[in-house]
Amino acid sequence: MKKFFDDFKKDIKFKSAGPGKKLTEDTSAKPEVVQGRSSVKHDRHAPSEGAQRAGAAALARIEQHQKPKVHTSQDAIRTQVKRELEAEAAALAEKEKAAAAEGSKVPVKDPTLLSVSGVYFICPLTGATLTKSEREVHIKEAILMRFEEDEVEASVMMMHTFNKDREKVKAAVDIISKYVENICKNPTEEKYRKIKLSNKVFQEKVKSVEGSREFLQALGFTSVMLPIEGQEEEEEFLVLPEQSPDALELMKERRDRLQRGEPVRAQLDRQPQAFRPSPNAQRFELPPEFYNLTAEELKREQQQRSELVEKNAMLRTKAMREKEEQRERRKYNYTLLRVRLPDGNLLQGTFYAWDRMPVLFSFMRESLVDGWQPFELIAPGGQKLQESEDIALAECNLVPAALLTFAWDAAVQADIAAAGGKSPTLLKPELLENIRSLS
């Protein structure tokens, strides 16, 4: 009887602890009947029929609870990651708080005078517009929500996005692919459909990669406790039932999806904005997000601007100037570009400093009514930018901001005019509907 109550108390504490909590002795949680036995005397009678039924029900509940839990519930998956997301959000908030405290040392610009309010990103899964600090947590939450629609797709996204070490992800993908290959080659061999979780390779290469277990479960593996020869305690395995030929083909297709998987990344919001003709087109006031500098470094740069003007006037070799320009370009994460159009209007967009030239030309085409027509972009100083050149904006000295000039291809325009055609409309209507004036 004492052993029964000891086991019963352990079971109660296990249930109250919940998943992931440490089981510790909790004297306050002991059943009241145990506390009462030391102070109240009872006559010893044979248990009544009702008591026997209650005892049988309790034992049934205990036995049911002791069965291994199959980790397939989507609520369980969310609970598993929720704590990590909350921890990440708290760490990001603390980091932002520290950055704000440090940034207070730098003079704050009037937000109404900024050329752009900040740097923003778009979640490819939800379309939400996010700040830099919001994007990672938001994407993880969006991936978890996908489990309700497609657990294979969600687990593939999870493996490729939640884990930063790409080599570890590749190793896990290779091992899981080998599991599938062995099963498909030997569909009736039970040993290929069992994965021992204590296996060293599984522990080091697969379990450590978030999303790997979810993907195996999406393939049909379930958690089962099995006896081990020469060992008293059972061990946990992931076991796959024998599959039909059609199911094996489906497994191969899901393996291919895993191998083709890519990290889900927030996309830079280019914030396209049209402006009316303005004499202030070359004036830029950028928010701190554009700089790859700490607040203190930004303050020093502001103090050194006047010195830089004098320094540029000094006679220096071309190599010296190029080396200094390279150092300057590394200070910037993003660049704000404006393009002056033939009608005088301006088109503005945000880019990564290391975006390549084709990205800029693609942005222009997407903004024009007749983007199919050939055109030229001319940088400050008269340099013609070439779409075919795989060169970064930073390498063309287009950081942290620059004003470019747009021109249609003269030969094509001459042909259009000769045929009696009109000059094409420039910007798309949705951009002109929101045209603004530069302050």
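1. Glu236 has a relative accessibility of 24% and therefore counts as partly exposed, a class that lies between buried (under 20% relative accessible area) and exposed (over 50%), as judged with a 1.4 Å probe on protein chains only. Its salt-bridge partner is Arg213, with the closest N and O atoms 2.8 Å apart; a salt bridge here is a side-chain nitrogen of Lys or Arg within 4 Å of a carboxyl oxygen of Asp or Glu. Because Arg213 lies in helix 9 (residues 212-219) and Glu236 in strand 5 (residues 235-239), the pair ties together parts that are 23 residues apart in sequence. Arg213, at 23% relative accessibility, is likewise partly exposed.

2. On the basis of the note: this is a predicted model, in which local features need pLDDT of at least 70 and side-chain atom pairs count only at pLDDT 80 or more, whereas totals for chains, interfaces and linings use all residues. Residues are numbered from 1 along each chain as its sequence is written, and side-chain values use heavy atoms, with hydrogens and water left out.

3. The protein chain contains 15 helices and 12 strands, where helices (H or I, at least four residues) and strands (E, at least two) are DSSP runs numbered from the N terminus. Of its 439 residues, 34% are buried. Among contacts (heavy atoms within 4.5 Å) between residues at least 6 apart in sequence, 71% join residues at least 24 apart.

4. The structure holds 13 salt bridges, and one of them pairs Arg270 with Asp355, the closest N and O atoms being 3.2 Å apart. Arg270 sits in the loop between strand 6 (267-268) and strand 7 (273-275), while Asp355 sits in the loop between strand 9 (346-352) and helix 13 (357-367), so this pair ties together parts that are 85 residues apart in sequence. Both Arg270 and Asp355 are buried.

5. A further salt bridge links Glu376 and Lys384, with 3.4 Å between the closest N and O atoms. Glu376 is partly exposed at 27% relative accessibility, and Lys384 is also partly exposed, with a relative accessible area of 47%.

6. Six strands form an open sheet in the order 7-9-8-12-10-11, and the pairing is mixed; two strands pair if DSSP finds at least two bridges between them. Strand 7 and strand 11 (384-385) are the edge strands, each pairing on one side only. Within the sheet, strand 8 (residues 334-340) runs antiparallel to strand 9, and seven bridges connect the two. Arg340 stands opposite Leu346, a residue of strand 9.

7. Ala218 belongs to helix 9 and, at 6% relative accessibility, counts as buried. When residues up to four places away in sequence are not counted, Ala218 touches Glu151, Val152, Ser155 and Arg254. For Ser155, the C-alpha to C-alpha distance to Ala218 is 7.8 Å, although the two residues are 63 apart in sequence.
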